[in-house]
Amino acid sequence: MKIRVPATSANLGCGFDSVGFAVNLYLELEILEPSNKWEIIHDLGADIPHDDTNLVISTARKIAPELTPHKIRMTSNIPLERGLGSSSSALVAGIELACAIGGMNLSAQVKLQLACSMEGHPDNVAPAILGGLVISTYSEGNLEYVKADLSNVGLIAYVPDYKLSTVAMRKVLPQELPYKEAVCASSISNVMIASLMSGDFVKAGQMIEQDRFHEKYRAKLVPDLEEVREIARKHGAYAAYLSGAGSTIMCMAPPAKTDELFEALTKKSVSDAEVLKLVLETQGSKRVD
């Protein structure tokens, strides 16, 4: 049995901690034979544990402590600590692993509640579970979400060669915003969501790039952001924004413009970044028997 979980891109500028969509990069688990202890086989680097301290296994055991240990083979083409939901995909994979081995048939809603209770916010875990574009809120244990369409949008990810941890990137954020600033930031986000839902991606892009919640505080740690944004504008993109906590910069563009934008960003990157042409993944986490 195999489990597949997509990568995600969250925030979309002003949709901080509440908006994200799934893309066609994946973490995959293959469930092998039962064992006397948990073992997770991978070649993702020395920092990723091979035992039950791995996030996938520790998540599964939180949900179902009595699970029979297994050998698991894990592969992933999701860049680690680059703002594409690598940790969220591991957490969701752990939930799916618990369901698969434990014989649990949990609904998407229950999986979302579990993921949010562990992650603290839904922007990455919701699209990882549901697929597509998801606008969601999680407060005091209450989760609400709307899944929406994001077709006819091309995606180019500019992935720098340095990592940025979510914990470190949250430390640069203010603890509070002045009331007027918060109202303005919220209104920008409202217009962005309305524009996305109505298919006005030009206006949505304008709002994305006017974020006041997080990008202006984090931009100093992602020196490529403004240059990539200028290249994206020059080549007809709707917007470029810091994906998650970074360092990836996601560009949204008309599909007809993605090839030229991909070429322009590839020329800029030389060897210090990877440029990926992506598409929206409409399916979320799933088991493949």
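This report describes selected features of one protein structure, from its cores to individual residues.

The structure is a predicted model, in which local features need pLDDT of at least 70 and side-chain atom pairs count only at pLDDT 80 or more, while totals for chains, interfaces and linings use all residues. Residues are numbered from 1 along each chain as its sequence is written, and side-chain values use heavy atoms, with hydrogens and water left out.

## Nonpolar cores

A nonpolar core is a set of buried Ala, Val, Leu, Ile, Met, Phe, Trp, Tyr and Cys residues joined through side-chain atoms within 4.5 Å. Here "buried" means under 20% relative accessible area, "exposed" means over 50%, and "partly exposed" lies in between (1.4 Å probe, protein chains only). In soluble globular proteins, nonpolar side chains tend to be buried together.

The largest nonpolar core has 64 residues, and those with the most contacts inside it are Leu-12, Phe-21, Leu-29 and Leu-97. Helix H2 (residues 86-102) gives the most to this core, with eight residues. Helices (H or I, at least four residues) and strands (E, at least two) are DSSP runs, numbered from the N terminus. A second, separate core contains 21 residues, including Ile-156, Tyr-158, Met-169 and Ile-249.

Contact means heavy atoms within 4.5 Å. Leaving aside residues up to four places away in sequence, Leu-97 touches several residues, among them Leu-29, Trp-38, Val-56 and Ile-72.

## Helix H6

Helix H6 covers residues 179-198; at 1.5 Å a residue, its 20 residues should span 28 Å, and the end C-alpha atoms are 29 Å apart, which agrees. The expected span is 1.5 Å times one less than the number of residues.

The buried residues of H6 are Glu-181, Ala-185, Ile-188, Ser-189, Met-192, Ile-193, Ser-195 and Leu-196. They cover an arc of only 165 degrees around the axis, which puts them on the same side of H6. The arc is that of the directions from the helix axis to the C-beta atoms. The face of H6 turned away from this buried side carries the exposed residues Tyr-179, Lys-180 and Ser-198. Among the elements that cover the buried residues of H6 are strand S2 (19-34), strand S5 (133-139) and helix H7 (201-208). Just after H6, Gly-199 takes a positive phi of about 80 degrees.

## An aromatic pair

A search of the whole structure finds one aromatic pair. Phe-201 and Tyr-238 form this pair, with 5.7 Å centre to centre and 45 degrees between the planes, and the pair is tilted. Rings of Phe, Tyr and Trp (its six-membered ring) pair if their centres lie within 6.5 Å; planes under 30 degrees apart count as stacked, over 60 as edge-to-face and the rest as tilted. Phe-201 lies in helix H7 and Tyr-238 in the loop between helix H9 (225-234) and strand S8 (239-242), so the pair ties together parts that are 37 residues apart in sequence.

| Residue | Relative accessible area | Class |
|---|---|---|
| Glu-215 | 4% | buried |
| Lys-111 | 13% | buried |
| Arg-82 | 13% | buried |
| Glu-140 | 79% | exposed |
| Asn-152 | 60% | exposed |

Glu-215 lies in helix H8 (residues 215-218). Beyond residues up to four places away in sequence, Glu-215 touches Gly-13, Leu-225, Arg-229, Tyr-241 and Leu-242.

Lys-111 has its place in helix H3 (residues 108-119). The side chain of Lys-111 makes a polar contact with the side chain of Glu-96 at 3.1 Å. A polar contact is a pair of N or O atoms within 3.5 Å; within protein, one must be able to donate a hydrogen and the other to accept it, and residues adjacent in sequence count only if both atoms are side-chain atoms.

Arg-82 lies in the loop between strand S4 (70-76) and H2. The side chain of Arg-82 reaches the backbone oxygen of Asp-161 at 3.5 Å. The C-alpha atoms of Arg-82 and Leu-242 are separated by 9.9 Å, although these residues are 160 residues apart along the chain. Gly-246 and Ser-247 are among the residues that Arg-82 touches, and a cis peptide bond joins Gly-246 and Ser-247, with omega about 15 degrees.

Glu-140, in the loop between S5 and strand S6 (142-148), has a positive phi near 50 degrees. Asn-152, in the loop between S6 and strand S7 (154-160), has a positive phi near 65 degrees.
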